[in-house]
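Biologist: I have a structure open and would like to learn how to read it. Could you walk me through a few features?

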Amino acid sequence: MELNKCTVQQPITTIYRLHMFFHSLIMLALVYYRLSHLFYFETVLCLHALAWVLITLGEVSFIVKWFFGQGTRWRPVARDVFPERITCKDSQLPAIDVMVFTANPKKEPIVDVMNTVISAMALDYPTDKLVVYLADDGGCPLTLYAIEEACGFAKLWLPFCRKYGIKTRCPKAFFSPLGEDDRVLKNDDFVAEQKEIKLKYEEFQQNVNSAGESGRIKGDVEPDRAPFVKLRVSGIISNAPYLLVLDCDFFCHDPTSARKAMCFHLDPNLSPSLAYVQFPQVFYNVSKSDIYDVKIRQAYKTIWHGMDGIQGPVLSGTGYFLKRKALYTSPGLKDEFHRSPEKHFGLSRKFIASLKENNGYTKQEKVISEATIEEARTLATCAYEDGTHWGEEASWTSTYLYPERPSFLGCAPVDMQGFSSQLVKWVAALTQAGLSHLNPLTYGMKSRMRTVQCLCYAYLMYFSLYSWGMVLHASVPSTSLLLGIQVYPEVHDPWFAVYVIAFISTILENMSESIPEGGSVKTWWMEYRALMMMGVSAIWLGGCKAIIEKFIGTQGEKLYLSDKAIDEKKLKKYEKGKFDFQGIGILAVPLITFSVLNLVGFLVGVNQVIITMKFGDVLGQLLVSSFFVFVVVTVVIDVVSFLKVS
């Protein structure tokens with residue numbers, strides 16, 4: 001019996017393809033209109049011609065971004081798994097190494113990190129086939145103390161979860177509203193044990209917090225230090241053939257996720273070329289209004305499903321089960337190792353030997369030898385792979401599973417500063433990749449990637465094209481109104497109808513990605529407003545940052561960590577649907593500037609219509625400016641009022 005099932009999403013796929021054909025004709029018509037009318041100007045040095053060229057560039061940016069995005073809409077699929085059909089015994093299941101990453105205890109609360117570790121320990125998987133590693137790039141002594149305390153608590157927590165079939169195996173989540181279903185009265189023994197467990201959990205929390213607050217154990221980051229190994233380098237300690245990678249704030253919410261992932265990795269038709277199984281990022285603290293669009297539904301409800309229908313989604317950074325072999329070779333080599341393995345895998349003899357073991361599971365020693373620890377220190381250095389060919393092999397595929405119960409739950413930012421800073425980081429990194437020699441338009445086309453898959457990667461890496469289109473549309477029409485320049489066709493011109501159709505087609509496409517996936521018109525509006533706001537601020541600045549760094553040849557800033565410590569005041573404000581702009585700094589400048597510019601331009605345009613009684617000439621520009629003002633002006637009022645109070 002099949003372990004998984006892949007279904008092409010219908011009728012949405014057919015609708016998408018029909019829309020692609022129709023919308024592409026409209027886009028070609030608009031390009032023809034813009035380019036052909038450019039030659040009507042007597043000189044290209046006049047302001048009117050300049051405005052025409054700029055608005056043309058803005059429209060081309062939107063069109064190119066739309067074209068790339070069609071790869072994600074070509075063949076969206078949905079997958080189901082049947083873990084109950086796994087026929088092998090638990091003793092025959094492949095081993096899994098869980099890798100949890102943390103870096104800064106001030107931004108990533110240590111108790112929350114430990115909750116992630118404990119939830120991973122509690123996965124519904126054979127205990128002798130599951131090893132959990134915590135990689136602390138900050139080298140914080142308090143983190144080491146906390147992991148020892150967490151292991152002590154886990155000895156009570158894990159048997160409790162297995163005994164009563166608890167699904168919510170993250171302690172913090174279990175004792176919150178997320179665990180209400182699991183806390184339903186079962187019997188007197190359960191009630192008694194639950195009380196005891198809660199007391200032990202509170203004791204564990206108090207021990208960790210008091211150790212840090214009292215200064216008894218240092219809670220600071222120690223960046224300049226030699227690698228310290230107590231739990232850490234899995235390749236030579238347990239050498240499991242599969243890895244689960246988790247950010248420290250994404251705890252395991254479904255204990256069966258490992259078995260679900262194995263429904264793909266154990267499938268003989270998929271497994272030979274399958275690198276990883278990606279699960280979506282889902283957040284437990286998203287408000288009903290979601291004013292910042294922290295769900296990023298377009299990514300996890302549309303783009304990832306679309307890429308899964310071709311060769312698989314990109315890595316989301318957390319929540320994926322990775323085949324270890326995919327880290328150092330390609331599926332076609334069939335475990336053939338090079339004559340000079342040091343050139344590809346570094347100088348660690350023990351690690352190279354582990355590769356030759358055909359990824360066989362090495363049972364963890366109760367007492368790890370000093371030689372193994374010394375080898376692990378070498379592997380733990382950040383520069384270990386320098387000078388090698390590590391990572392040059394490719395041609396793996398991936399799959400995407402969006403289960404009904406979220407497999408992993410994370411903590412979303414609850415203010416403008418948190419989400420926009422994260423977005424700047426993401427866009428800058430993606431744009432940097434798009435400007436590198438490994439970009440999907442040159443390197444991708446030469447590789448084994450399908451053309452449609454290259455379009456998907458191009459859509460992500462050049463997403464900042466949207467921001468350039470937004471910036472030009474947020475500035476050129478309103479400025480043209482102030483200067484008395486016309487950049488759109490008159491109402492009675494047939495080309496005006498083409499623009500109206502293009503606008504309606506774009507909005508309907510956007511709605512089709514929000515409303516059918518459990519959303520509503522209000523949901524779409526909130527997401528669209530957030531996208532417009534971020535388009536002229538965070539997304540634009542992220543793209544500019546990447547271009548500038550590419551131009552001047554810098555390597556970019558060090559890793560930016562979003563703050564996972566939730567401020568209760570900000571949380572309450574967010575839950576009420578009110579924006580919080582504290583700390584956004586330079587991001588407020590383009591938001592206010594473009595909004596004021598469009599508001600002034602709109603008022604000037606309306607005044608011109610009243611005086612001349614002719615609205616046909618400027619209606620297009622009035623509609624663009626009024627739409628931008630309508631979407632963003634309420635937010636800007638909040639920004640200005642916030643700045644006054646500050």
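Modeller: Gladly! Start with residues 47-68, which are 100% helix and 0% strand, with end C-alpha atoms 32 Å apart. Keep in mind that this is a predicted model.

Biologist: Which residues does the UniProt annotation "transmembrane region" cover?

Modeller: The unreviewed UniProt entry puts that annotation on residues 21-41, 47-68, 454-474, 584-606 and 618-643. Over residues 21-41, the chain is 86% helix and 0% strand, and the end C-alpha atoms lie 32 Å apart.

Biologist: Now the rings, please. What describes a pair of aromatic rings?

Modeller: Two things do: how far apart the centres are and the angle between the planes. In this model there are 38 aromatic pairs. Take Phe 503 and Phe 627: their ring centres are 5.5 Å apart and their planes stand at 85 degrees, so the pair is edge-to-face. The angle settles that, because over 60 degrees counts as edge-to-face.

Biologist: Where do Phe 503 and Phe 627 lie?

Modeller: Phe 503 is in helix H16 (residues 494-512) and Phe 627 in helix H21 (residues 619-645), so the pair ties together parts that are 124 residues apart in sequence. Phe 503 is partly exposed, at 42% relative accessibility. Phe 627 is partly exposed too, at 21%.

Biologist: What sits over the ring of Phe 82?

Modeller: The charged end of Arg 85 does, 4.1 Å from the ring centre.

Biologist: Last one: which residues does the "binding site" annotation cover?

Modeller: In the unreviewed UniProt entry, it covers Lys 107, Glu 108 and Asp 137. They span 31 residues in sequence, yet no two of their C-alpha atoms are more than 13.1 Å apart, so they gather at one spot. Lys 107 is in the loop between strand S3 (96-102) and helix H3 (110-121), and is partly exposed at 28% relative accessible area. Asp 137 is in the loop between strand S4 (130-136) and helix H4 (141-164), and is partly exposed at 45%.

Technical notes. Residues numbered from 1 in each chain as written. Predicted model: local features only at pLDDT ≥ 70, side-chain atom pairs only at ≥ 80, totals over all residues. Heavy atoms only, no water. UniProt positions renumbered as here; feature names shortened; annotations may be inferred. Helix = DSSP H or I, 4+ residues; strand = E, 2+ residues; numbered from the N terminus. Phe/Tyr/Trp six-rings, centres within 6.5 Å; stacked < 30°, edge-to-face > 60°. Buried < 20%, exposed > 50% of the residue type's maximum accessible area, 1.4 Å probe, protein only. Lys NZ or Arg CZ within 6 Å of the ring centre and 35° of its normal.
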